[in-house]
Amino acid sequence: MTRLDGPGDDREERPGDGPDAVASEIADAVESLTNLWSLAAQEAAVRLSLHQLRALRTLQTAPGLNLTTLAERLDIGLPTASRLCDRLEAAGMLERTLHPQKRREVRLSLTLQGRRVLDDVASRRADVLTLALAAMEPAERSALSRGMRAFLAARSEVPPAPEERPGER
């Protein structure tokens with residue numbers, strides 16, 4: 001664990017730096033970040049629910065999904081996904097087109113308006129995060145950055161929990 005309060009071995013673990021204590025601190029930080037994220041999204045020109053934002057983000061990263069695949073990726077039921085897409089389509093953020101080879105399949109994709117809304121939300125979220133990071137000391141930002149990189153590297157080495165494994169629902 002990196003120490004910010006004085007000289008010493010950066011790998012020295014102090015009381016309260018164990019995985020359980022740090023996990024609790026991270027959970028609190030994630031909750032705070034989630035709140036910042038939600039507030040930034042609510043201040044966007046178009047107010048969307050978190051499910052609507054997740055659907056738009058999913059379609060941004062994987063354009064052309066069909067409704068069934070979108071529902072699976074969002075872990076929601078097909079009727080719920082259909083109503084969600086109905087609202088996004090009515091708002092001009094999503095369009096449905098027939099699959100060129102599979103006439104019964106409908107592809108979902110973002111409209112220009114949908115991409116603009118996502119860009120607006122992303123910009124607002126980046127601004128809020130930048131403000132929070134600017135309030136930190138440079139050494140704290142550096143330690144956070146190193147810690148996040150180390151966390152992501154360690155997380156990629158840990159096998160997914162049983163409920164995260166594909167096909168085991």
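## Salt bridges

Aspartate 120 has a relative accessible area of 23% and is therefore partly exposed. The model described here is a predicted one. Arginine 124 is also partly exposed, with a relative accessible area of 30%. These two residues form a salt bridge in which the closest N and O atoms are 3.0 Å apart. Both lie in helix H5, four residues apart, so about one helical turn separates them. Salt bridges with shared partners also link Asp86, Glu89 and Arg96 into one network.

A search of the whole structure gives three salt bridges. In the one between aspartate 86 and arginine 96, the closest N and O atoms are 2.8 Å apart. Aspartate 86 belongs to helix H4 and arginine 96 to strand S1 (residues 94-98), so this pair ties together parts that are ten residues apart in sequence. Arginine 96 forms a salt bridge with glutamate 89 as well, with the closest N and O atoms 3.4 Å apart.

## Overall layout

The protein chain contains six helices and two strands. Along the sequence, their order is α-α-α-α-β-β-α-α. Of the 169 residues in the chain, 23% are buried. The chain exposes about 11,800 Å², and carbon and sulfur atoms supply 55% of that area. Among contacts between residues at least 6 apart in sequence, 44% join residues at least 24 apart.

In soluble globular proteins, nonpolar side chains tend to be buried together. The largest nonpolar core here has 24 residues, and Leu48, Leu56, Leu59, Leu70 and Leu88 have the most contacts inside it. At least two core residues come from each of helix H2 (50-61), helix H3 (67-74), helix H4 (78-90), strand S2 (106-110) and helix H5 (112-134). Leaving aside residues up to four places away in sequence, leucine 56 touches Leu48, Leu88, Met93, Leu110 and Leu118.

Glutamine 52 is located in helix H2. Its relative accessibility is 12%, so it counts as buried. With residues up to four places away in sequence again left out, glutamine 52 touches Leu84, Arg87 and Leu88.

## Helix H5

H5 has 23 residues, and at 1.5 Å a residue it should span 33 Å; its end C-alpha atoms are 32 Å apart, which agrees. The buried residues in H5 are Gly114, Val117, Leu118, Val121 and Arg125. An α-helix has 3.6 residues a turn, so residues three or four places apart point the same way. The cover over the buried residues of H5 includes H1, H2 and S2.

## Nonpolar surface patch

Ile26, Val30, Leu144, Met148, Phe151 and Leu152 make up a nonpolar patch on the surface, and their accessible area together is about 540 Å². Helix H1 (19-42) and helix H6 (138-157) are the elements that give two or more residues to the patch. H6 provides the largest share, four residues.

Phenylalanine 151, one of the patch residues, is found in helix H6. Its relative accessibility is 43%, so phenylalanine 151 counts as partly exposed.

How values were computed
Residues are numbered from 1 along each chain as its sequence is written. This is a predicted model: local features need pLDDT of at least 70, side-chain atom pairs count only at pLDDT 80 or more; totals for chains, interfaces and linings use all residues. Side-chain values use heavy atoms; hydrogens and water are left out. Patches are made of residues with over 30% relative accessible area and no salt bridge: like charges are joined within 9 Å, nonpolar side chains (Val, Leu, Ile, Met, Phe, Trp, Tyr) within 5 Å. Accessible areas come from the Shrake-Rupley method with a 1.4 Å probe; for residues, only the protein chains shown count as cover. A salt bridge is a side-chain nitrogen of Lys or Arg within 4 Å of a carboxyl oxygen of Asp or Glu. Buried means under 20% relative accessible area, exposed over 50%, partly exposed in between (1.4 Å probe, protein chains only). A nonpolar core is a set of buried Ala, Val, Leu, Ile, Met, Phe, Trp, Tyr and Cys residues joined through side-chain atoms within 4.5 Å. Contact means heavy atoms within 4.5 Å. The expected span of a helix is 1.5 Å times one less than its number of residues.
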